[in-house]
Amino acid sequence: MRLDFNAAAKWKLVKVPADSEWIIYRHKLSRKHYRLLIFPRRDTSCFLSLIPDAVHLSSLMLPGTHDRMAFYGWPIAQCQSPSTPLERQLHSGIRVLDIRLAIVDSRLVSYHGVYPERTLFAEILSTVYTFLTTTSTSRETVVMSIKQEDSDTQRFSELVRREIVASPGGLGMWYLENRIPTLGEVRGKVVMFRRFGGNDYDWDNAATGIHPPIWPDNDRLGFTWNCQNTLVQTHDWYAIPFLSIPEKVALSTNILVAPRDSSPTLSISFLSALSIPFAFPPTMARGLGWPQWGIGFEGVNARVGRWLLHQFDDREEIGVDGEPQIRGWALMDFYDDPVGQSIVPLLIECNFRGRKCKESWEVY
């Protein structure tokens with residue numbers, strides 16, 4: 001088998017035959033030294049089907065997309081590529097959707113701040129329904145964060161419920177309890193993560209999903225809150241100084257290393273960032289120029305990929321008992337970049353590392 005790779009890049013997905021059972025990454029250790037890391041090729045469309053029902057969603061690594069429907073408004077408002085529609089993202093392994101909506105003529109439409117992103121909420125619901133009811137992907141789950149981008153709080157809550165009820169699957173397809181479920185409880189369902197206000201009385205049993213009581217804006221060091229018996233630590237530092245990309249990556253990845261104690265913890269990390277006026281979301285995620293040749297700078301996604309490979313590399317040396325557990329929900333801009341070497345397969349692989357055998361899955 002021939003392996004083709006660019007010796008200048010710090011890490012890269014190595015080209016192998018399409019029918020290979022393995023995927024290979026090349027990790028640059030020094031100027032003349034590289035290491036190949038070999039992983040099984042997993043079906044990203046249904047990877048959760050391999051995980052036991054008893055595992056809580058807090059004990060998994062779920063890849064996600066920040067501002068999922070933000071296809072338009074380049075360069076300030078755009079956060080995802082039009083070449084990666086929702087259906088493709090779901091089949092690529094994305095399991096946490098950051099959906100932001102506003103009311104337009106009594107309908108919910110995707111927005112990013114004040115910028116219209118055009119897609120109707122009803123269309124989003126239909127796409128997710130199709131994915132979760134298709135036989136091959138019916139054992140998956142999707143966490144949907146719904147954030148309000150306008151100010152009519154009461155009407156917004158009513159419309160969210162109304163459009164869910166009218167959608168394929170209706171409310172019965174949604175997990176609406178304010179606690180972190182096990183995977184078995186939510187296979188084939190959408191987990192509501194509520195980032196909107198309004199009256200709960202119109203909802204069945206006033207249940208409106210996982211509901212953070214606080215969300216400080218642009219908190220550099222992150223914040224914590226409790227969801228029943230689970231501590232949720234959240235990092236959403238997005239408006240950063242231009243020279244702070246290394247710090248942003250360090251802070252947003254460090255919380256993904258699960259604590260060694262037995263306390264139930266969910267880590268939510270937004271890998272998205274911008275720096276006005278120097279760099280907007282596309283540049284921050286993808287980088288600029290040819291950093292492997294010392295021209296330009298490396299984007300957030302490539303840096304996170306390098307960090308993940310470093311974690312896997314260290315694991316090989318210290319053995320299973322000392323392996324760090326990379327867990328949480330990680331939300332990205334332009335998730336499919338760097339082009340041809342998305343970090344999503346590496347995030348998915350985290351679910352199968354740091355465990356001695358199937359019996360060692362955390363079930364708290």
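Author: Several elements cover the buried residues of helix H3, including strand E5 (96-104), strand E6 (107-112) and helix H2 (121-133). Strand E8 (142-148), strand E9 (174-175) and strand E10 (190-195) are also among them. The model is predicted.

Which residues of H3 are buried? They are Phe156, Ser157, Leu159, Val160, Glu163 and Ile164. Seen down the axis of H3, these buried residues fall within an arc of 165°, so they line one face of the helix. The face turned away from that buried side carries Arg162 and Ala166, which are exposed.

H3 covers residues 153-166, which is 14 residues. At 1.5 Å a residue, H3 should span 20 Å. Its end C-alpha atoms are 20 Å apart, so the two values agree.

Now the core. The largest nonpolar core has 90 residues. Val160, one of the buried residues of H3, is among those with the most contacts inside this core. The others named with Val160 are Phe121, Met144, Ile146, Trp174 and Trp329. Helix H7 (residues 300-318) gives the most to this core, with seven residues.

Take Trp329 from that list. Residues up to four places away in sequence are not counted here.

Glu117 sits in strand E7 (residues 115-120). Is Glu117 buried or exposed? Its relative accessibility is 1%, so Glu117 counts as buried. Glu117 and Tyr72 are 45 residues apart along the chain, yet their C-alpha atoms are separated by 5.9 Å.

Then the strands. Three of them form an open sheet in the order E1-E2-E3, with antiparallel pairing. Strand E1 (11-14) and strand E3 (34-40) are the edge strands, and each pairs on one side only. Direction ignored, neighbouring strands of this sheet are turned by 25° against each other on average. E1 and strand E2 (residues 22-28) run antiparallel and are joined by four bridges. Opposite Trp11 stands His27 in E2.

Strand E11 (residues 223-227) has two faces: Phe223, Trp225 and Cys227 are on the covered one, Thr224 and Asn226 on the uncovered one. E11 pairs with strand E12 (residues 230-235) in the antiparallel sense, over five bridges. The bridge partner of Thr224 in E12 is Gln233. Two residues lie between the strands of this E11 and E12 hairpin, where Gln228 takes a positive phi near 55°.

The other hairpin joins E14 and E15, with four residues between the strands. Its strands are E14 (residues 287-290) and E15 (residues 295-298), which pair in the antiparallel sense over four bridges. Trp290 stands opposite Ile295 in E15. In this hairpin, Gly294 takes a positive phi near 80°.

Technical notes:
Residues are numbered from 1 along each chain as its sequence is written. This is a predicted model: local features need pLDDT of at least 70, side-chain atom pairs count only at pLDDT 80 or more; totals for chains, interfaces and linings use all residues. Side-chain values use heavy atoms; hydrogens and water are left out. The expected span of a helix is 1.5 Å times one less than its number of residues. Buried means under 20% relative accessible area, exposed over 50%, partly exposed in between (1.4 Å probe, protein chains only). The arc is that of the directions from the helix axis to the C-beta atoms. Contact means heavy atoms within 4.5 Å. Two strands pair if DSSP finds at least two bridges between them. Axes are lines fitted to C-alpha atoms, for helices over the stretch in contact, and angles run from 0 to 180 degrees between N-to-C directions. A nonpolar core is a set of buried Ala, Val, Leu, Ile, Met, Phe, Trp, Tyr and Cys residues joined through side-chain atoms within 4.5 Å.
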